[in-house]
Amino acid sequence: MATGQVLNPGDHIYTECLGGSYYHHGRGLVTNPNTGRTRTITNAVIHFLGLDKEGKVKKTKPQCQTCFYKPKGSGIVLTCLDCFHEGNGLYRYEYDVSLLSFTFKTSGSCTPWSCYDPNTVIKRAYDYLRDQNFGDYNFVFNNCEHFATKCKMGKARCNQALWGTGLPGALVYNVTRRLTKDILW
């Protein structure tokens, strides 16, 4: 994030790790699975954990002492900010950008679509966290950016997986998604 920028509850943020998108919340309540003690953490992040570069879930990290997170599989998780960005760059995903900006910005960093208010967005993210019903992770058709945009806009979109950038990439991606929906889902 640029110096001086503050994260707000309901922000959609992303880090440089495989272009992954994450969904930022202001606070979260976590429970230590070993002791049963609960703790409130600031800058909690709910995100859709997927796979590493080899197509496997990272399981080598020790349990975090701040949020008690320990990798154990893919799915919707709540972690502290440090656990997911792991020292990589941190950026805020932009909504309501002009079509011109959307066409020339990096894929996976913005959308021309509007988003809902933070309270609606946060409720959606916590519902997915509780119910674990966002589906299986798929790098192209059901990934962390799909999760974040579904919470923000009510529609799962992914600009980082576009074949090309901007409007041409969005068109190719959406046509391919519709053609392969029955095969992959």
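**Before starting**

The model is predicted: local features need pLDDT of at least 70 and side-chain atom pairs count only at pLDDT 80 or more, while totals for chains, interfaces and linings use all residues. Residues are numbered from 1 along each chain as its sequence is written, and side-chain values use heavy atoms, with hydrogens and water left out.

**Stop 1: the whole protein**

Next, show the surface. Of the 185 residues, 45% count as buried. Here buried means under 20% relative accessible area, exposed means over 50%, and partly exposed lies in between (1.4 Å probe, protein chains only).

Contacts (heavy atoms within 4.5 Å) can also be displayed. Among those between residues at least 6 apart in sequence, 56% join residues at least 24 apart.

**Stop 2**

Side chains of opposite charge can pair when their charged atoms come close. A salt bridge is a side-chain nitrogen of Lys or Arg within 4 Å of a carboxyl oxygen of Asp or Glu, and the count by this rule is four.

Select aspartate 11 and arginine 92, which form a salt bridge with their closest N and O atoms 2.3 Å apart. The pair links distant parts of the chain, 81 residues apart: aspartate 11 is in the segment before β1 (12–15), and arginine 92 is in strand β7 (residues 90–92). Aspartate 11 counts as buried, at 11% relative accessibility, whereas arginine 92 counts as partly exposed, at 26%.

**Stop 3: helix α3**

Move to helix α3 (residues 118–131), where lysine 123 and aspartate 127 lie four residues apart, about one turn of the helix. Their side chains meet in a salt bridge (2.7 Å, N to O). Lysine 123 is exposed, with a relative accessible area of 52%.

Then select arginine 130 and aspartate 131, whose side chains meet in a salt bridge of 2.8 Å, N to O. Arginine 130 is exposed at 58%, and aspartate 131 is partly exposed at 38%. Finally, select Lys123, Asp127, Arg130 and Asp131 together: salt bridges that share partners join these residues into one network.

Terms used. Helix = DSSP H or I, 4+ residues; strand = E, 2+ residues; numbered from the N terminus.
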